[in-house]
Amino acid sequence: NAGVTQTPKFQVLKTGQSMTLQCAQDMNHNSMYWYRQDPGMGLRLIYYSASEGTTDKGEVPNGYNVSRLNKREFSLRLESAAPSQTSVYFCASSEGLAGDTQYFGPGTRLTVL
Amino acid sequence: EDQVTQSPEALRLQEGESSSLNCSYTVSGLRGLFWYRQDPGKGPEFLFTLYSAGEEKEKERLKATLTKKESFLHITAPKPEDSATYLCAVQASSGSRLTFGEGTQLTVNP
């Protein structure tokens with residue numbers, strides 16, 4: 001039981017390049033989330049998926065797109081990376097949305113030059 | 001707008017020296033308050049969920065309490081392995097997302 005896994009662990013991009021961050025969970029959870037963590041800002045929600053087939057914007061969605069591929073997998077895409085997207089990205093999952101504990105993956109550290 | 005403020009930003013303790021971390025929150029109806037531990041280079045690790053004022057939960061040397069305006073994470077006789085950043089988050093009854101505080105960085109010296 002691996003919990004929430006994320007790939008890659010580290011990535012360096014040049015401004016304007018695109019990439020997809022992958023996330024998978026093996027806990028049979030319905031809801032999945034993408035956060036970014038920046039010094040002095042705390043964790044901020046980018047997008048979430050309440051259930052398979054649905055996605056919604058969070059607090060900071062600009063510059064990102066997501067895909068809920070199936071119940072297990074939720075990907076985050078940067079179409080044209082910018083230096084402001086340099087951050088640590090965390091994926092999380094929970095049984096449902098309302099009051100259920102979110103379990104986090106190990107994170108992807110992204111640098112955009 | 002939901003807000004979470006954690007204090008202090010950083011705390012240094014000697015091994016065995018008990019203390020408390022504070023999480024003050026403003027939310028339009030609390031659905032749940034969550035405590036996480038985060039080690040450097042790792043993802044947040046779940047500790048506790050509290051749902052209503054007066055509720056308390058314990059795990060080893062940690063005890064979390066909740067009032068209508070704040071939560072405390074009490075650390076009793078801490079050990080060096082308790083060194084980490086402790087994060088607090090709230091979920092409003094009207095929404096689905098968590099609002100996180102910036103965390104308290106705890107260092108326990110042997």
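This is a friendly tutorial dialogue on reading a predicted two-chain model.

Me: What should I know about numbering and confidence before I start?

Reply: Residues are numbered from 1 along each chain as its sequence is written, and chains are lettered from A and ligands numbered from 1 in the order in which they are written. The model is predicted, with local features needing pLDDT of at least 70 and side-chain atom pairs counting only at pLDDT 80 or more, while totals for chains, interfaces and linings use all residues; side-chain values use heavy atoms, with hydrogens and water left out.

Me: How many helices and strands are there in chain A, and how many in chain B?

Reply: Helices (H or I, at least four residues) and strands (E, at least two) are DSSP runs, numbered from the N terminus. Chain A has 0 helices and 11 strands. Chain B also comes out at 0 helices and 11 strands, running β-β-β-β-β-β-β-β-β-β-β from its N terminus.

Me: What does the radius of gyration say about chain B?

Reply: That radius is taken over C-alpha atoms, and the globule rule is 2.2 Å times the number of residues to the power 0.38. For the 110 residues of chain B the rule gives 13 Å and the chain has 13 Å, so it is as compact as a globular protein of that length. Its C-alpha trace spans about 45 × 30 × 20 Å along the principal axes. Chain A, with 113 residues, has 13 Å, which agrees with a compact globule; its C-alpha atoms fill a box of roughly 35 × 25 × 25 Å.

Me: How do I read burial, and what share of each chain is buried?

Reply: Buried means under 20% relative accessible area, exposed over 50%, and partly exposed in between (1.4 Å probe, protein chains only). Buried residues make up 48% of chain A and 45% of chain B.

Me: Which residues touch the most other members of the largest nonpolar core?

Reply: Such a core is a set of buried Ala, Val, Leu, Ile, Met, Phe, Trp, Tyr and Cys residues joined through side-chain atoms within 4.5 Å. Here the largest one holds 24 residues, and L33(B), W35(B), L73(B) and Y86(B) touch the most other members. Among the elements giving it two or more residues are β3 (19-26), β4 (30-38) and β9 (84-92) of chain B. The largest share, 5 residues, comes from β9(B). Apart from this core lies another of 19 residues, including C23(A) and F74(A).

Me: Is Y86(B) buried or exposed, and what does Y86(B) touch?

Reply: Y86(B), found in strand β9 of chain B, counts as buried because its relative accessibility is 0%. Contact means heavy atoms within 4.5 Å. Setting aside residues up to four places away in sequence, Y86(B) touches Q6(B), L21(B), W35(B), Y36(B), R37(B), L47(B), L62(B), L73(B), G103(B), T104(B) and L106(B).

Me: Where does Y51(B) lie, and which residues is Y51(B) in contact with?

Reply: Y51(B) sits in the loop between β5 and β6 (56-59) of chain B. At 38% relative accessibility, Y51(B) counts as partly exposed. Leaving aside neighbours within four places in sequence, its contacts are G99(A), L30(B), R31(B), G32(B) and L66(B). Y51(B) and L13(B) are 38 residues apart in sequence and 29 Å apart in space, C-alpha to C-alpha.
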